Amino acid sequence: MSLFSCAGTRPVNLGIKDGRLTNCPSTPNCVSSDASNSAQSIPSFQLSVAPADGWRALRALLEELPRVKIITANEDYIHAECSSAFFGFVDDLELHLRASQNLIAVRSASRLGHSDFGVNRKRVENLRGLLAKQGVIL
């Protein structure tokens, strides 16, 4: 299976800078709630529970999802690597708790290639659906 691994190099520019997630590159293989253009923009997760409770629920959900590996997690930031089932492409998922705004900002980006065929947007929307089903977000 390592023959098909397409992990790419872990980006060094991820994280929170000036209260925001890293900007998406100009390629169409990234979505972010902090994006300023409509092609890459996706709504943040609006919490329906206390921020700390929502953050715990999100982390627990990520730990249960297949092919998701949490790389960094603290009180307001999570970076996870999400691998595709067949070729092993790795995408970077970032989440930023903004407790004062009662929301979680989100960014999902491919490491390799130009287009992702909507995979990152689908990942975020799937996560949104799972959190909504648990009553964590609106």
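Reader: Why does Asp18 count as exposed?

Author: Asp18 has 81% relative accessibility, and exposed means over 50% relative accessible area, with buried under 20% and partly exposed in between (1.4 Å probe, protein chains only), so Asp18 counts as exposed. Bear in mind that this is a predicted model, where local features need pLDDT of at least 70 and side-chain atom pairs count only at pLDDT 80 or more, while totals for chains, interfaces and linings use all residues. Residues are numbered from 1 along each chain as its sequence is written, and side-chain values use heavy atoms, with hydrogens and water left out.

Reader: Where does Asp18 sit, and what is its phi?

Author: Asp18 is in the loop between strand E1 (16-17) and strand E2 (20-21); helices (H or I, at least four residues) and strands (E, at least two) are DSSP runs, numbered from the N terminus. Its phi is near 55 degrees, positive in a residue other than glycine. Asn102 also has a positive phi, about 55 degrees, without being a glycine. That one is in the loop between strand E7 (90-98) and strand E8 (103-110), and at 23% relative accessibility Asn102 counts as partly exposed.

Reader: What makes Cys24 and Cys30 a disulfide?

Author: Their sulfurs are 2.1 Å apart, and a pair of cysteine sulfur atoms within 2.5 Å is called a disulfide. The torsion about the S-S bond of Cys24 and Cys30 is about -65 degrees, so this disulfide is left-handed. Both Cys24 and Cys30 are buried.

Reader: What makes up the largest nonpolar core?

Author: It has 22 residues, and those with the most contacts inside it include Phe45, Leu58, Leu95 and Leu127. A second, separate core of 5 residues includes Leu14, Tyr77, Leu103 and Ala105.

Reader: How do you know that Asp53 and Arg56 form a salt bridge?

Author: Their closest N and O atoms are 2.3 Å apart, and the term needs a side-chain nitrogen of Lys or Arg within 4 Å of a carboxyl oxygen of Asp or Glu. The two are 3 residues apart in helix H1, so about one helical turn separates them. Asp53 is partly exposed at 38% relative accessibility, whereas Arg56 is exposed at 53%.

Reader: What links Glu81, Asp92 and Arg111?

Author: A network of salt bridges. Arg111 meets Glu81 at 2.5 Å, N to O. Arg111 lies in the loop between E8 and H2 and Glu81 in strand E6, so the pair ties together parts 30 residues apart in sequence. Arg111 also pairs with Asp92, with closest N and O atoms 2.8 Å apart. Asp92 lies in strand E7, so this pair ties together parts that are 19 residues apart in sequence.

Reader: Are Arg111 and Glu81 buried or exposed?

Author: Both are buried, and Asp92 is buried too.

Note on methods
Core = buried A, V, L, I, M, F, W, Y, C linked by side-chain atoms within 4.5 Å.
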